[in-house]
Amino acid sequence: MRTAYFKQLPGEEQCQISFHLLLDQYKIDKVFNFNRSLTEPIDSSLDRIRTNVEKEFQKKNKRKKVKKQPVPSSDDNATTAAAEPAAEVPPADLVPVVVSLGTAEQKLTNMTIADVLAKFDAGEFPNAQLTVLDTSFQILYNSPEVHAVKLPTSMLADFYVYPSRLELHFATRESSAYCWSRGQMPASGNAQHIRWEPVCTELTYMVQKSDVGYHLKFSCTPKDASGRTGPATEIISSQPVQAGPGLCPFEVRHLFTQQKLKDGQFRVVSYNLLAELYSDSDYSRTVLFAYTPPYALEMDYRKQLFIKEILGYRGDIVCLQEVDTKIFSLDLVPIFHQKNLAGHYKAKRNVAEGLATFYDTDKFELVEKDGVIISEILQRYPEVWDIIRNKKPLVERVENRSSALQLTLLRSSKHDTSKHLLVANTHLYFHPDADHVRLLQFGFSMLYVREQYERIRQQYNLQESELALLFCGDFNSVPECGIYKLMTERFVGADFIDWQSNKEEAVENLTLSQPFKMGSACGCPPFTNYTVGFTACIDYIFYQTGVLTVNDVIPMPSEQELSMYEAIPSPVFPSDHVALVANLEWAK
């Protein structure tokens, strides 16, 4: 029996009805789709279906016009009489189109669509059918379906491929079934003639070198947790698999991270991904990153690299900056989930990029998550706010910044469940004349962190040795500036040079301090950002000394590697930043 699908998404006031009517004898082969209001009587909906089917029926079964033969005139000298106009003769086999809904015993009538769906929900009509002409359709209500699927335009050998978009209705990714196949396009260019060879049954496929030149086909059979199955959907890649860029420097770094760390130890990754917002513009292509081949700036290309890079570090805590909102939800979350990495996101204000923090669910349990826009917490701390509040140009500049701060409280789930990590993640303002703004942003951030740290200790009754602070990010600040000084020396005086980085906005009579003994896990590498216009160390993994210790630091790429294509990003470096990776453990 054929199937008719009734679907009503949560929050929507319409019901979608679809079925495929195939009647060879009437030359009908069409999928009918209807959107009807929940308040509409079902009889009206069925009447609309009947009308549309009837139109298709008449269109496909309309007889050709038949011309009557001319009748000779009784007058031999008269001209032949003109034929009468062609007349349409209805087909003799035309039958009334009948549409009904229900079972053999009871038809569903005199009720609204909402009433009908309520009965389906309650299981009152498990054998309900939609009948059109002499064809009966089994009713599937809110059946699992693939609502949308899309493949990336770039697929590289030795890198992961997965749908760039996969939207399921009434199904879960975990329950659904997948299949990747490969095939070569025939000379005709007709994809229907490709002979397919299955290569993978996972959502994500590590493309092989032998796949170069082949097209890939992705198939998804949607299923829900109870085992209900919907129709499979297939999509074929628009381009064949391409060769990868060769050995990337991050793959050399992966030689140091081939194994996950044992319990009690954890690997931390901090990485600015370079948001598409800043790489996909005429200015970035012609000025900022003019040295980068255009294809290497495309997000479909870059994300293959940075996802493989991040996963290859086998991190337990991953703090990311400049994460596009869509990259977080459509790429990182589904792929990282397969590697037992869960995470949350904090967008900047009015910008479609932000911060993401992931953690290994095998090692950590999420206790709390939080995120704030730094410029929105200024008045919360009068000890700093009251000193700068009357400096109008300064306050306007600080308040207009969209920089965010993200906090994640994790509890060790295996080694020692009393151990907690408070993980902070941020990306501070970038402008060259804004050392004072960044230092203020960081000062307010540390006040907020301190407030949350003290609340957490009290709320969860933790000893000092049971709660450690970890602060990762792109601070846009070199080691000589105030942020590094505040973090490692715990104090910045009122005469520090950063306060004077912009004379019109100079900060006066302000000192900053913070109570945590902190160190930089990766020290101060020569550069964590490497472009033609700027090279410096501006990214850090700060950790609380005495509570945590550093076991190892994954070596940074050499300047020779970074300059292979003049600067980064490049075909082998997906960002203008370099990932920081360090192995830590709880102090004995």
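Which residues are linked with Asp316 in a network of salt bridges?

1. **The network.** Lys260, Asp316, Asp360 and Lys363 are linked in a network of salt bridges. This is a predicted model, and its structure holds 36 salt bridges. One of them joins Asp316 to Lys363, with 3.3 Å between the closest N and O atoms. That pair links distant parts of the chain, 47 residues apart. Asp316 sits in the loop between α7 (299–312) and β16, and Lys363 in the loop between β18 (353–360) and β19 (364–373). Both Asp316 and Lys363 are buried.

2. **Glu368 and Arg455.** These side chains form a salt bridge at 2.6 Å, N to O. Glu368 belongs to strand β19 and Arg455 to helix α11, so the pair ties together parts 87 residues apart in sequence. Glu368 is partly exposed, at 21% relative accessible area. Arg455 is partly exposed too, at 28%.

3. **Arg457 and Glu464.** The closest N and O atoms of this salt bridge are 3.8 Å apart. Arg457 is partly exposed, with a relative accessible area of 27%. Glu464 is exposed, at 56%.

4. **Glu322, without a salt bridge.** Glu322 lies in strand β16 (residues 317–324). This residue is buried yet has no salt bridge. Glu322 does have polar partners. Its side chain makes a polar contact with the side chain of Asn272 at 3.2 Å. The Glu322 side chain also reaches the backbone nitrogen of Ala275 at 2.9 Å. Beyond four places in sequence, the residues that Glu322 touches include Leu273, Leu274, Tyr278, Glu353, Gly354 and His427.

5. **Helix α12.** The buried residues of α12 (residues 482–489) are Gly482, Ile483, Tyr484, Leu486 and Met487. Their cover includes helix α11 (435–459) and strands β22 (467–474), β23 (491–492), β24 (512–513), β25 (518–520) and β28 (539–544). Just after α12, Arg490 takes a positive phi of about 70°.

6. **The chain overall.** The secondary structure comes to 13 helices and 30 strands. The radius of gyration is 33 Å, well over the 25 Å that the globule rule gives for 588 residues, so the chain is more spread out than a compact globule. Its C-alpha atoms fill a box of roughly 120 × 55 × 50 Å along the principal axes. Buried residues make up 51% of the chain. Of the contacts with a separation of 6 or more, 71% are between residues 24 or more positions apart. The chain exposes about 27,600 Å², and carbon and sulfur atoms supply 48% of that area.

Notes: Residues numbered from 1 in each chain as written. Predicted model: local features only at pLDDT ≥ 70, side-chain atom pairs only at ≥ 80, totals over all residues. Heavy atoms only, no water. Helix = DSSP H or I, 4+ residues; strand = E, 2+ residues; numbered from the N terminus. Buried < 20%, exposed > 50% of the residue type's maximum accessible area, 1.4 Å probe, protein only. Lys, Arg positive; Asp, Glu negative; His and termini not counted. Salt bridge = Lys/Arg side-chain N within 4 Å of Asp/Glu carboxyl O. Polar contact = N/O pair within 3.5 Å; in protein donor to acceptor, adjacent residues only side chain to side chain. Contact = heavy atoms within 4.5 Å. Rg over C-alpha atoms; globule rule 2.2 N^0.38 Å. Areas by Shrake-Rupley, 256 points an atom, 1.4 Å probe, with all protein chains shown as cover.
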